[in-house]
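Subject: Structure for you to look at

Hello,

Here is the structure I promised to pass on. Please open it next to this email, and then read my notes below.

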Amino acid sequence: MAATLTAAARRSSASLTSLLLKRHASTLKVGVIGAGRIGRVHLETLAGVPGVQPVILSDVVEPVLKEVTAQYGVPNYTLDGDEVINHPDVQAVWICSPSQFHADQIKKCAKAGKHVFCEKPIATDLNGTIEAIKVADEAGIKLMTAFQRQRGRAHQRHPPVP
Ligand SMILES: NC(=O)c1ccc[n+]([C@@H]2O[C@H](COP(=O)([O-])OP(=O)(O)OC[C@H]3O[C@@H](n4cnc5c(N)ncnc54)[C@H](O)[C@@H]3O)[C@@H](O)[C@H]2O)c1
């Protein structure tokens with residue numbers, strides 16, 4: 001099961017980079033928030049996508065940041081996620097922090113005009129999810145999430161949407 005989830009997360013990550021690379025002819029510069037389990041999965045994927053360059057990584061644990069930036073060759077790190085979002089070179093932010101921070105970080109990215117790949121969930125409740133999507137829409141940024149069970153039978157509507 002873990003391998004399936006990891007594979008789904010990798011496919012989602014690669015799919016947004018491919019879309020954004022079509023829009024940004026040159027290198028796509030990415031910032032990553034959260035260097036835990038799934039943050040590393042996405043850094044691994046990003047390392048294999050031509051034209052994508054992670055430029056800054058944040059977490060709240062400095063030894064983790066030192067280890068992960070060295071492992072994936074990320075040139076900068078910070079303990080403050082806002083510095084990732086507002087980094088002048090960053091065009092898209094990969095949000096891999098714990099779930100309770102996602103909605104606020106999406107809205108900050110929208111305000112800064114940065115595209116977003118956000119790990120599931122977008123928010124921890126329905127209203128927060130709707131609001132974050134609305135803010136992203138109004139700002140005109142791309143917002144993609146990695147909900148690896150979206151096609152799972154248990155999560156389909158009944159009757160299923162054709
Ligand atoms: N799509 C999937 O298959 C999948 C799989 C696993 C996790 N997730 C999602 O990814 C998110 C992270 O999960 P995980 O398993 O990597 O957790 P984790 O605990 O392994 O990693 C979270 C990391 O975020 C750091 N962190 C804590 N507060 C932070 C903050 N304010 N800013 C930046 N970093 C902060 C922690 O120090 C830790 O290194 C969760 O929302 C989870 O639901 C999705």
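**What was found**

Helix H2 (residues 37-47) lies across E1, E2, strand E4 (92-95) and strand E5 (115-119). H2 runs at about 165° to E1. Please keep in mind that this is a predicted model.

**The sheet**

The strands that H2 lies across belong to an open sheet of six strands. The order is E3-E2-E1-E4-E5-E6, and the pairing is parallel. Strand E3 (76-78) and strand E6 (143-146) are the edge strands. Each of them pairs on one side only. On average, neighbouring strands are turned by 20° against each other, direction ignored.

How do helix H5 (residues 102-112) and helix H6 (residues 126-139) pack, and at what angle? The angle is about 10°, with the axes 9 Å apart. Angles under 35 degrees count as roughly parallel, and H5 and H6 are therefore roughly parallel to each other.

Which residues meet there? From H5 come Ala103, Ile106, Lys107, Ala110 and Lys111. From H6 come Gly128, Ala132, Val135, Ala136 and Ala139. By class, this contact has seven nonpolar, one polar and two charged residues.

Best wishes

Definitions and conventions: Residues numbered from 1 in each chain as written. Predicted model: local features only at pLDDT ≥ 70, side-chain atom pairs only at ≥ 80, totals over all residues. Axes fitted to C-alpha atoms, helices over the stretch in contact; angles between N-to-C directions. Helix = DSSP H or I, 4+ residues; strand = E, 2+ residues; numbered from the N terminus. Parallel < 35°, antiparallel > 145°, perpendicular 65-115°, else oblique. Contact = placed C-beta atoms within 7 Å. Nonpolar A, V, L, I, M, F, W, Y, C, P; charged D, E, K, R; others polar. Pairing = 2+ DSSP bridges.
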